Amino acid sequence: MAAREKIAPSLPDTQDNTMEAERVNLIGNTLIDLAARTQELRGYL
């Protein structure tokens, strides 16, 4: 058992949660950007 688990076994790993939120935001922003580019390309077709 790791030392952290002995001290505070019920604390969530906030770094993992923060990284997960950042990844979700990145994916969302990428989808928004792709949607905007798609609309722009449709204007040319």
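In which helix is the place of L34? L34 sits in helix α2, which covers residues 14-44, and the views below show this residue and others in a predicted model.

**View 1. The whole chain, with its helices and its surface.** The protein has two helices and zero strands, these being DSSP runs numbered from the N terminus (helices, H or I, of at least four residues; strands, E, of at least two). Of the 45 residues in the protein, 2% are buried, where buried means under 20% relative accessible area, exposed means over 50%, and partly exposed lies in between (1.4 Å probe, protein chains only). The protein exposes about 4500 Å², of which carbon and sulfur atoms supply 59%; accessible areas come from the Shrake-Rupley method with a 1.4 Å probe, and for residues only the protein chains shown count as cover.

**View 2. The nonpolar patch that includes L34.** I27, L31 and L34 make a nonpolar surface patch of about 300 Å². Patches are made of residues with over 30% relative accessible area and no salt bridge, with nonpolar side chains (Val, Leu, Ile, Met, Phe, Trp, Tyr) joined within 5 Å and like charges within 9 Å. L34 counts as partly exposed because its relative accessibility is 45%.

**View 3. The salt bridge between D33 and R37.** The structure holds one salt bridge, a term that requires a side-chain nitrogen of Lys or Arg within 4 Å of a carboxyl oxygen of Asp or Glu. The side chains of D33 and R37 meet in a salt bridge at 2.9 Å, N to O, and both residues lie in helix α2, four residues apart, about one turn of the helix. D33, at 36% relative accessibility, counts as partly exposed.

**View 4. The polar contact between Q39 and R42.** Q39, which lies in helix α2, is exposed, with a relative accessible area of 53%. The side chain of Q39 makes a polar contact with the side chain of R42 at 3.2 Å.

**Notes to all views.** Residues are numbered from 1 along each chain as its sequence is written, and side-chain values use heavy atoms, leaving out hydrogens and water. In this predicted model, local features need pLDDT of at least 70 and side-chain atom pairs count only at pLDDT 80 or more, whereas totals for chains, interfaces and linings use all residues. A polar contact is a pair of N or O atoms within 3.5 Å; within protein, one must be able to donate a hydrogen and the other to accept it, and residues adjacent in sequence count only if both atoms are side-chain atoms.
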